[in-house]
Amino acid sequence: MFHKILIANRGEIALRIIRACKEMGIKTVAVYSTADSESLHVRLADESICIGPPPSLQSYLNINAIISAAELTDAEAIHPGYGFLAENSAFAEICENCGITFIGPASEVMRLMGDKISARQAVTREGVPILPGTKEGVKDGNEALKVARKIGFPVIIKATAGGGGRGMKIVHSPAALPNAFATSRAEAQAGFGNPEVYIEKYCVQPRHVEIQILADKHGNVIYLGERDCSIQRRHQKLIEEAPSTVSTPELRKAMGEAAVRAVRAVGYNSVGTMEFLVDKENNFYFMEMNTRIQVEHPVTEMVTGVDIVREQIRSAAGLKLRYRQSDIKINGHAIECRINAEDPVKFTPSPGKITAYHTPGGLGVRVDSFVYDQYTVLPYYDSLIAKLIVHAETRDDAIKRMARALDEYIIEGIKTTIPFQKRVMASKDFIEGNVDTGFIERAVLE
Amino acid sequence: MDIKEIKSLIKMIMETDISEFELENADEKIRIKRGESQEIVHYQSPQQVITTHPMATQPEVVPAAGSPAALVPAPAVEKGESITSPIVGTFYRAPAPDAPPYVEVGQVVEKGQVLCIIEAMKLMNEIEAEYRGTILKICKENAQPVEFGEALFIVEPL
């Protein structure tokens, strides 16, 4: 097992990793920008190193500074968290070359599964369904039209190098296609430095269901059930739950086994999430794979009882998985609300000093947060300040518990998304389980 | 106010749970602030400003205005500007283990002159002086790790 791990991240995930390390007797090194010197992850780590000024490029994305910090402190492994360098295969490779264990998949596997086109090819080889669409990038307008007619409208044009919901265009008719194709390429070039785009069938009102996988370095892979992340605003998740309301034991098994097959075939290790779109007939289609720990991992932890970060660290240290697939049971229902420092109506960022802070408690309530009373939320980084997770026996109970917990949560001095999430918990559609990726747009328009 | 009066004022305040006390009149102003195990006493008269930061729980008393500097130690005011590390790495005073150090205390350095090396990931980064000045203090020892923003030298600009 590692003696010391450096956490190349900040905020709530840095805290999450430090907590797992502490429980395992592993020493922790926090890295921070000058803006984060009072941050909780810095205070709770055993050692800390300032790596740069506030801008991420010069601090949390500064590979040289982070590797230097690991060498100075003799850290044997680096946990990248999520975001920042977590899916940067160049960083994973540099760690490998410097003799530091990167807590995640091997760099070439990350590269393979991180590129949407090569990932689609890899999973298709294992019989995982993908949305009808192109297997490679589309070269020109003529090919685009031919392909789109074959798939059947509506289609969606996506940038290969895109992500986070950016670089996507929906096209409803052949007449609109040539223009949309040209514009997409130009936007992809401008936004991601790579004009390559591919075309897929567009699912109307799909559900976003993802499978959590866990793999060790000995070829053992299991799935930990699914999460439903359909409540998204501009493709940014706001509320997640496990299990999904569309899930049945058969669907879960089919999706889980498909994910495990694909992941095992490419030699994946560590944790990862395979994202699927599920249509109204409960057909599932592979979308993409996230080769890292995800923000919403706590809902899976609550329903399975598995400490995902701990298992990720154990796997990176070369230990075999402690669980077989048959050990994994889904108990009860969990919901997570991402509390962002944003206006609850306009979703504009709201940094500033938290003048009063009080977290909810009680049975089945979990708060993963790095903020505290009198803490100043910084403008430099993303707006997630807390995750509020509840677990209960049934979905109805979980909704009531979340509504109760949101009522108890006090965060004053800044605006947060709490009022919005309270409205969702009270909404008929949510309570009845009618959630698809268009939910927020409709809710906001009401 | 004389020393006896100040002493009894402090004693009086200690007996209450007043945490901050300020008194001002035409000639004098006194502010006494209590913070956990430290007492901070500021006494200002038209002639002098005297500040003390005693370490123990017992308050120290400030001499009256006009007396020469028989003061309890005040924190040294640092002259000069600090040169901080722009990167994370290991600080070296010389280009090689057996070579003489780049600079010593008291030395005048020119703009662009190399002051030290910070080694990061096997690369030796030379840190140069941004202006002409005198080295007042060398803040790190040879082969010590440094983080971003940490003070390496105190330099008095010339």
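Author: Let us begin with chain A: taken over C-alpha atoms, the centres of domain 1 of chain A and domain 2 of chain A are separated by 37 Å. The model is a predicted one, in which local features need pLDDT of at least 70 and side-chain atom pairs count only at pLDDT 80 or more, while totals for chains, interfaces and linings use all residues. Residues are numbered from 1 along each chain as its sequence is written, and chains are lettered from A and ligands numbered from 1 in the order in which they are written.

Reader: How do you know where the domains of chain A lie?

Author: The bounds come from an automatic or database domain assignment. For chain A this assignment gives domain 1 (4-103), domain 2 (132-201) and domain 3 (207-445).

Reader: Why is A:E93 called partly exposed?

Author: A residue is buried if 20 or more other C-beta atoms, placed from the backbone, lie within 10 Å of its own, exposed if 12 or fewer, and partly exposed in between. A:E93 has 16 other C-beta atoms within 10 Å, and is therefore partly exposed. A:E93 belongs to helix 4 (residues 89-97) of chain A; a helix here is a DSSP run of H or I with at least four residues, a strand is a run of E with at least two, and both are numbered from the N terminus. The C-alpha atoms of A:E93 and A:E108, 15 residues apart along the chain, are separated by 8.2 Å.

Reader: What makes strand 3 and strand 5 of chain A edge strands?

Author: They belong to an open sheet of five strands with parallel pairing and the order 3-2-1-4-5. Strand 3 (47-52) and strand 5 (101-102) of chain A each have a single partner strand, so one side of each is left without a neighbour in the sheet. Helix 1 (residues 11-23) of chain A packs on this sheet, touching strand 1 (4-7), strand 2 and strand 4 (77-79) of chain A, and its direction makes about 175° with that of strand 1 of chain A. Such angles run from 0 to 180 degrees between N-to-C directions, with axes fitted to C-alpha atoms, for helices over the stretch in contact.

Reader: Which strands stand at the edges of the eight-stranded sheet of chain A?

Author: That open sheet has antiparallel pairing and the order 13-12-9-10-11-14-19-17. Strand 13 (284-290) and strand 17 (365-369) of chain A are at its edges, each with a single partner strand. The twist averages 25° from one strand to the next. Strand 17 pairs with strand 19 (residues 384-392) of chain A in the antiparallel sense over five bridges, where A:V367 has A:L388 as its bridge partner.

Reader: What makes up the contact between chain A and chain B?

Author: Residues are in contact if their C-beta atoms, placed from the backbone, lie within 7 Å. The contact takes 11 residues from chain A and 10 residues from chain B.

Reader: How many helices and strands are there in chain B?

Author: Chain B has one helix and 12 strands. Of its 158 residues, 22% count as buried.

Terms used
Two residues are in contact if their C-beta atoms, placed from the backbone, lie within 7 Å. Two strands pair if DSSP finds at least two bridges between them.
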